[in-house]
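These are my notebook entries on one protein, written down in the order in which I looked things up.

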Amino acid sequence: MARMILDESSLAPFLAAFYARVRSDPLVGPVFAAAIPEAEWPRHMATIEAFWSSVLFKTGRYKGNPFGRHQALGALRPEHFARWLALFRETAASCFAPDEAEALQARAERIGASLQAGLFFRPGDTGAVPTACRAGRPAR
């Protein structure tokens, strides 16, 4: 793909290239396939384009709730976000000049971090199992 200028007109071809990679990826592709039926992809792509238009160019085209949509999936894990971001980075680097690709990636990483904080952060949860539970004894 020839290098594009990051503007409203470049969103659709960039996102089409990116989501083609996402959909064929062995880690994140199945998550998308389970969440978005084939017939719904054109509508989903229109929503994604509106989202990125609003984020990047403040057009106000997107009116949804990305956190709620991702939370409803229930199947997301941090490694899904890491892979999504890696594919985003690779696609942005192939589509845009380095400075534009870097700015786009920085925005995607902030959005990803925000979604992950909401989905996975649990204050006080260290992931450790209390000693009494490991030993099979009830806690006192």
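Predicted model: local features only at pLDDT ≥ 70, side-chain atom pairs only at ≥ 80, totals over all residues.

I then looked up burial, and found that of the 140 residues in the protein, buried ones make up 32%.

Entry on the fold. I went through the secondary structure and found seven helices and zero strands, so that I could write the pattern along the sequence as α-α-α-α-α-α-α. Among the contacts with a separation of 6 or more, I noted that 69% are accounted for by residues 24 or more positions apart.

Entry on one helix pair. Two packed helices are described by the angle between their axes and the distance between those axes. For helix H1 (residues 8-24) and helix H5 (residues 78-95), I wrote down an angle of about 140° and axes 10 Å apart. Angles over 145 degrees would count as roughly antiparallel, and H1 and H5 are therefore oblique to each other. I recorded their crossing as right-handed.

Which residues of H1 and H5 meet? On the H1 side I listed Phe14, Ala17, Phe18, Tyr19, Arg21 and Val22, and these meet Trp84, Leu87, Phe88, Glu90, Thr91, Ala92 and Cys95 in H5. Sorting the residues of this contact by type, I noted ten nonpolar, one polar and two charged.

Terms used
Residues numbered from 1 in each chain as written. Heavy atoms only, no water. Helix = DSSP H or I, 4+ residues; strand = E, 2+ residues; numbered from the N terminus. Buried < 20%, exposed > 50% of the residue type's maximum accessible area, 1.4 Å probe, protein only. Contact = heavy atoms within 4.5 Å. Axes fitted to C-alpha atoms, helices over the stretch in contact; angles between N-to-C directions. Parallel < 35°, antiparallel > 145°, perpendicular 65-115°, else oblique. Left-handed = near helix turned anticlockwise from the far one by under 90°. Nonpolar A, V, L, I, M, F, W, Y, C, P; charged D, E, K, R; others polar.
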